[in-house]
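Have the viewer open as you read.

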Amino acid sequence: MKILNVVGARPNFMKMAPIIEAMSRCPKKMEHLLIHTGQHYDEKMSKAFFEDLDMPKPDINLEVGSGSHAVQSGRIMMAFEHVCLQEKPDLVIVVGDVNSTMACTITAKKLGIRVAHVEAGLRSRDMRMPEEINRLCTDVLCDHLFTTDRFANENLLAEGISKSRIVFVGNVMIDTLVKHREMAAGLGMHLKLGLERRKYATLTLHRPSNVDDRRILEGILVALHEVSESLPIIFPIHPRTRKMTEEFGLTGYFHAGAEVKGIWTCEPLGYLEFLHLNMNAALVLTDSGGLQEETTVLGVPCITMRDNTERPITCEVGTNTIVGNDPERILTAVRDVLGGKYKKGQVPELWDGRAADRIVDWLGGAYSEAHERGIFHFEHWASRNSQ
Ligand code: UD1
């Protein structure tokens with residue numbers, strides 16, 4: 001059985017790492033290649049994660065780089081089609097909800113190749129989010145939909161997707177967290193920065209809806225600057241956000257040096273360093289998807305500066321609170337947490353560090369049976385779809 005594992009952007013790497021590891025434990029059954037689309041290409045957005053997570057170098061890098069959604073997706077499709085035709089995989093595995101996820105799914109399906117989506121069924125119901133469009137396109141096409149929680153199962157069933165395509169396995173990103181938790185705890189990074197445990201916050205901010213509009217971005221920064229007067233904020237800044245703050249002339253809200261007061265910005269951090277900072281923080285402020293899940297498992301309060309979440313389990317079971325980007329609501333939520341008013345939370349079902357094993361076991365079983373019956377064969381699909 002030959003599999004192409006696809007990654008493209010930063011949040012993909014920690015989802016794919018445990019899958020590759022689980023596949024490597026059964027080399028006889030699974031020949032697997034790692035394809036990096038090159039959607040993220042900066043050393044700090046890509047290479048640093050491969051090193052931290054001990055991932056093998058990509059077998060093929062499509063080097064598509066940045067561009068508008070159409071340009072980036074189109075480039076990925078053209079390059080990935082070539083790879084599929086050359087490698088003739090039995091299965092393509094995509095993770096998450098970035099442009100690479102959607103573009104490679106469409107490409108592979110049009111060649112008649114089976115595709116599995118890991119982290120299927122998440123829905124924000126917000127079509128302004130490019131990720132929501134990516135999630136919908138990907139899930140409607142994929143043959144196997146590996147889900148993280150019961151909300152995802154319900155979403156897929158409500159969209160008319162057959163039960164036989166859905167497999168509830170848990171959360172692969174949490175596999176990576178469980179594996180690296182102890183290693184990250186030992187780093188002592190907050191101490192090196194002169195910070196006391198539980199006496200600082202971490203911040204991530206990169207959603208176009210928060211950073212591409214000057215008024216919204218400034219509103220958030222004004223509120224966070226006020227927070228940072230009493231609680232230092234560590235802000236590893238995403239390239240998109242750096243670009244926008246510079247363009248809008250808003251960098252005055254940041255402290256460039258390692259001061260223990262104010263919003264302290266730094267380059268994007270590696271996986272282990274950031275995990276260390278988050279596990280010791282008093283709270284996490286974010287608009288990212290993955291951090292809502294990681295903080296739930298770490299038991300750290302998370303304030304999500306978005307109007308909705310595709311991960312409601314983190315609010316219902318975990319430590320996450322959705323506050324939108326209104327400055328007053330952000331300030332109230334921070335005051336609540338600092339005053340001890342926050343959800344203590346629990347770890348959702350099957351977020352236990354073994355999701356990737358479940359995926360690989362399931363695929364091993366399903367595909368060896370199918371191969372015996374001669375059902376999955378690339379040449380057959382390719383000839384059927386090439387007209
Ligand atoms: C992408 C994902 C988003 C994910 C985020 C995590 C989509 C639609 N969006 O958003 O879901 O949460 O990654 O980081 O797939 N840039 C660099 N260096 C890089 C990559 C990007 O400087 O290595 C800059 C470029 O100016 C680029 C901009 O960041 O135009 C945005 O990058 P892009 O990949 O388009 O989207 P993200 O905002 O990173």
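Which strands does helix α3 lie across? Helix α3 (residues 69-87) lies across β1 (2-7), β2, β3 and β4 (91-95), and the helix runs at about 165° to β1.

## Ground rules

This is a predicted model, in which local features need pLDDT of at least 70 and side-chain atom pairs count only at pLDDT 80 or more, while totals for chains, interfaces and linings use all residues. Residues are numbered from 1 along each chain as its sequence is written, and side-chain values use heavy atoms, with hydrogens and water left out.

Helices (H or I, at least four residues) and strands (E, at least two) are DSSP runs numbered from the N terminus. Axes are lines fitted to C-alpha atoms, for helices over the stretch in contact (heavy atoms within 4.5 Å), and angles run from 0 to 180 degrees between N-to-C directions.

## The open sheet

Seven strands form an open sheet in the order β3-β2-β1-β4-β5-β6-β7, with parallel pairing (at least two DSSP bridges between two strands). The edges belong to β3 (60-61) and β7 (166-168), each with a single partner strand, so one side of each has no neighbour in the sheet.

Ile35 has Ile60 in β3 as its bridge partner.

## The whole chain

In total the chain has 17 helices and 14 strands. Its C-alpha trace spans about 65 × 40 × 40 Å along the principal axes.
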